[in-house]
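Please open the structure in a viewer and keep the sequence panel beside it.

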Amino acid sequence: MKLVYRARIPGHEPGDVFAWHERPGALERLTPPWADMRVVRHEGGIRDGAEIELEIHKGPTSFRWHLRHRDYIEGRQFADEQVSGPMKRWRHTHRFLPAEGGGTMLEDEIDMEPPLGFAGQAVVPSMVEHEMDRLFAFRHRRIATDLGRHDAYRDRGRLAVAISGASGMIGTALQHFLTTGGHEVIRLVRSRDEVGPRDIYWSPSSGEIDKDGLSRADAVVHLAGAPIAPGRWTDERKRAILESRVE
């Protein structure tokens, strides 16, 4: 089974669109909000031999998907191929072609074989094609809008942005949006055991913060605090939301 999806990205040359895909956070930005997926491991970017391991939840079931990148041609294409996972065969080739009249023609070619035998061949392909249609409509729109948003500030240079609450829903999305635009994200982390090479330790309860680490930030986005969902916004809940943020 082979599927091909194409979309023109105006105003951005193939090298620029390709570079967006190479930056940290691109896979997460290309994951639609309805997909319950977690990146377990991502090593080596998109160059040959780089590997991705995903954990995907679909209804009551969950599975791991192990992919390996290949056929990397800088500025032109790369592919990911299933090592193990839900399909009998999966290969996704990403191509970045000059578009007539300027811009980039994105071409996504999916070569796959569903997991079931002969009995499932009549049903599974139509289900998969429906999901792929939704997925690539979302992906192509996301790439175009993100590139357009970053392009509006291209002449201002890249920033180092510190984010509190970076592991939350909004913080996570903001982090990946910024890194795909070439910015550096500095996460404010409240557990010493979870501080990575680009993170800084912060303990609002004790008033501790890594001032040297924070000094390299050009901006701070403050998102930490009591969660705003789910549940009713009672007077007590609203007070907790506000006070947690002020603290």
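Predicted model: local features only at pLDDT ≥ 70, side-chain atom pairs only at ≥ 80, totals over all residues.

Residues are numbered from 1 along each chain as its sequence is written, and side-chain values use heavy atoms, with hydrogens and water left out.

**First stop: salt bridges**

The whole structure holds 25 salt bridges, each being a side-chain nitrogen of Lys or Arg within 4 Å of a carboxyl oxygen of Asp or Glu. Helices (H or I, at least four residues) and strands (E, at least two) are DSSP runs, numbered from the N terminus. Arg6 is exposed at 54% relative accessibility, whereas Glu107 is buried at 11%.

Next, select Arg41 and Glu53, a salt bridge with its closest N and O atoms 3.6 Å apart. Because Arg41 lies in strand E2 (residues 36-43) and Glu53 in strand E3 (residues 51-58), the pair ties together parts that are 12 residues apart in sequence. Arg41 is partly exposed at 23%, and Glu53 is buried at 18%.

**Second stop: a buried histidine**

Select His21 in helix H1 (residues 14-22). Is His21 buried or exposed? With 9% relative accessibility, His21 counts as buried. Residues in contact with His21, not counting those up to four places away in sequence, are Ala26, Leu30, Ile46, Phe78, Phe96 and Ile143; contact means heavy atoms within 4.5 Å. A polar atom of the His21 side chain also lies 2.9 Å from the backbone oxygen of Val17.

Finally, display the open sheet of five strands, ordered E11-E10-E9-E8-E12 with mixed pairing. The edge strands, each pairing on one side only, are E11 (208-209) and E12 (219-222). Two strands pair if DSSP finds at least two bridges between them. Strand E8 (residues 160-164) and E12 run parallel and are joined by four bridges. To view one of them, select Ser164 and its bridge partner in E12, His222.

Note on methods: Buried < 20%, exposed > 50% of the residue type's maximum accessible area, 1.4 Å probe, protein only. Polar contact = N/O pair within 3.5 Å; in protein donor to acceptor, adjacent residues only side chain to side chain.
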